[in-house]
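Reader: Hi! I have a structure open and I'm new to this. Could you walk me through it?

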Amino acid sequence: MKYAIIGSGVAGIAAIDAIRSVDRSGEVVMIGDDPHGFYSRPGLAYYLTGELHDKALYPRTTDEYRKMNFRYVKGQVKNIPRETHQLKLDGQADFNYDKLLIAVGAQAIPLDVPGANLEGVFKLDHMNDAKRILKHARRGKTAVVVGGGITALELVEGLLARGMKVHYLLRGSRYWGSVLDEQESRIVEARLQMEDVTLHHHTQLVEVTGKNKRVSGVRLADGGTLTCSLVAYAIGIRPRLELAKQADLRVERGILVNEYLQTSDPDIFAAGDIAQVYDPLTGRSALDSLWSSARGQGFAAGLNMAGKATVYVKSTPFNVTRLAGLTTTIIGVVGGGQDEDLVGIARGDSETWRQLPDCMVAQTGFDVNHLRLMVGEQRLLGAVVMGDQKLSFPLEKIISENIDISPIREKLLNPKSQIGDVVAEFWGSLRN
Ligand SMILES: Cc1cc2nc3c(=O)[nH]c(=O)nc-3n(C[C@H](O)[C@H](O)[C@H](O)COP(=O)(O)OP(=O)(O)OC[C@H]3O[C@@H](n4cnc5c(N)ncnc54)[C@H](O)[C@@H]3O)c2cc1C
């Protein structure tokens, strides 16, 4: 059997692990166009701030790769002639496959304003982007960041850590309004202001201005200007659909796959940020941009490619991240409103979070330790835990395992309750 995998991200690597757990002898080829191969993309944020060395972002050793027994080809797949089960590469010999996985991820939506091609305008997709940003960042100089979600804040934090003054432009009235509620957005914004970030609400960048082909400032929709030497943006991501479209596979926002991660061609699978995955429990197909989802999907796809039929059951979307230095865990369905700063999904984000559940909201804490629960009829549907994280593990279990919360529901919805204590006590009783 000949397996081919396009993309050297976590979904592709997990697929090889799965194939090898079933088939020790089949031929496996991975084709990847990132010169740095497989590394932790979420870790790029810590590399930007200087908390991690780039070497710390590579999860596997050469010896571990050797044991996986696959061939790695550096290159870009240009075309998939499906009728002949072939892959066409840029300037290299063609490959044949019996089973193919497309795991090419997503890319930043480009900033569509005049001057966006000037030297000093950056996105954050790859290791090379992070390296370019670090090369360009200068202590004491000024940067402008635009966009929303986790990546925009990672850019703000990274540039601050490198000694830059940062203006953060928000088109809307608050930070990450599609996932956070008003109070949570304000907690994050207050912390940014404490770090001397200059926040501009209702502010739209309309042009990046330059001198000698380098960034010298930005022009705003209200006619104002800011002087700066660097502009960084994170306005959302888009699955890389070009290959799938050329190959005439069924696509919507991502490549449509069934619960076996199989595309409209039964010999071609898709997993990770590129895949719009059918969830048999809800009947919906959704995009995720989460490391853990990409790994889970890649693994399930690999098993299916190797002939071990495995339904991918979408786990509760879960992300632990840092927002303006505040550890924040987002679990399950958390609703949310408008977000003018993002076009579609962001990095470290799930479409599932945005679904507006039929539930009541219970919350506590007005400062750094904040807890919000989405309380359904008999179970918890989602939670946002900011600051103190001692409840994130119990909440993840209570939500993902659909535990009946009838015994505490009334208490949770009583505005006088300390909902954190109620959950902690309930968790204690479950464990007993
Ligand atoms: C800055 C940043 C912060 C993030 N933060 C979080 C977080 O806090 N929490 C979280 O859960 N997730 C986070 N993510 C998202 C997470 O990293 C992704 O969900 C995950 O990496 C997706 O894995 P993947 O294998 O699907 O795709 P990718 O990791 O994108 O890998 C796809 C690979 O395919 C290659 N490729 C594309 N086209 C071709 C082609 N034609 N031929 C050959 N190779 C090709 C690409 O270059 C890339 O190397 C973050 C991502 C970034 C960039």
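Reader: Which residues of helix α4 are buried?

Author: In helix α4, which spans residues 127-136, the buried ones are M127, A130, I133 and H136. Buried means that 20 or more other C-beta atoms lie within 10 Å of the residue's own, exposed means 12 or fewer, and partly exposed is in between, with C-beta atoms placed from the backbone. Helices here are DSSP runs of H or I with at least four residues, strands are runs of E with at least two, and both are numbered from the N terminus. One caution: this is a predicted model, so local features need pLDDT of at least 70 and side-chain atom pairs count only at pLDDT 80 or more, while totals for chains, interfaces and linings use all residues. Residues are numbered from 1 along each chain as its sequence is written.

Reader: Since α5 came up, what about E157?

Author: E157 sits in helix α5 and counts as buried, because 24 C-beta neighbours lie inside 10 Å. From E157 to V104 the sequence gap is 53 residues, and the C-alpha to C-alpha distance is 28 Å.

Reader: Where is M164, and is it buried or exposed?

Author: M164 is in the loop between α5 and β11 (165-169). With 23 other C-beta atoms within 10 Å, M164 is buried. Leaving out residues up to four places away in sequence, M164 touches A137, R138, K141, T142, A143 and L159. For M164 and K141, 23 residues apart along the chain, the C-alpha atoms are separated by 5.3 Å.

Reader: Switching topic: how many residues surround the ligand?

Author: There are 38, and the closest are G7, G9, G105, G272 and G348. A residue is near a molecule or strand if its C-beta atom, placed from the backbone, lies within 6 Å of it.

Reader: Which elements each supply at least two residues of that shell?

Author: Those are α1 (10-22), β2 (27-32), α2 (44-49), α5 (149-161), α8 (291-305) and β23 (318-323). By class, the shell has 16 nonpolar, 14 polar and eight charged residues. Ala, Val, Leu, Ile, Met, Phe, Trp, Tyr, Cys and Pro count as nonpolar, Asp, Glu, Lys and Arg as charged, and the others, Gly among them, as polar.

Reader: Now the end of the chain. How do α11 and α12 pack?

Author: Helix α11 (residues 406-413) and helix α12 (residues 419-431) pack at an angle of about 170°, with axes 9 Å apart. That makes α11 roughly antiparallel to α12. The contact involves P407, I408, K411 and L412 of α11 with I419, V422 and F426 of α12. By class, this contact has six nonpolar, no polar and one charged residues.

Reader: How are those angles defined?

Author: Axes are lines fitted to C-alpha atoms, for helices over the stretch in contact, and angles run from 0 to 180 degrees between N-to-C directions. Under 35 degrees counts as roughly parallel, over 145 as roughly antiparallel, 65 to 115 as roughly perpendicular and the rest as oblique.

Reader: Are N212 and L261 buried or exposed?

Author: N212 counts as exposed, with 7 C-beta neighbours inside 10 Å, whereas L261 counts as buried, with 31.

Reader: Last one: how many helices and strands does the chain have?

Author: The chain has 12 helices and 28 strands. Buried residues make up 44% of its 432 residues.

Notes
Two residues are in contact if their C-beta atoms, placed from the backbone, lie within 7 Å.
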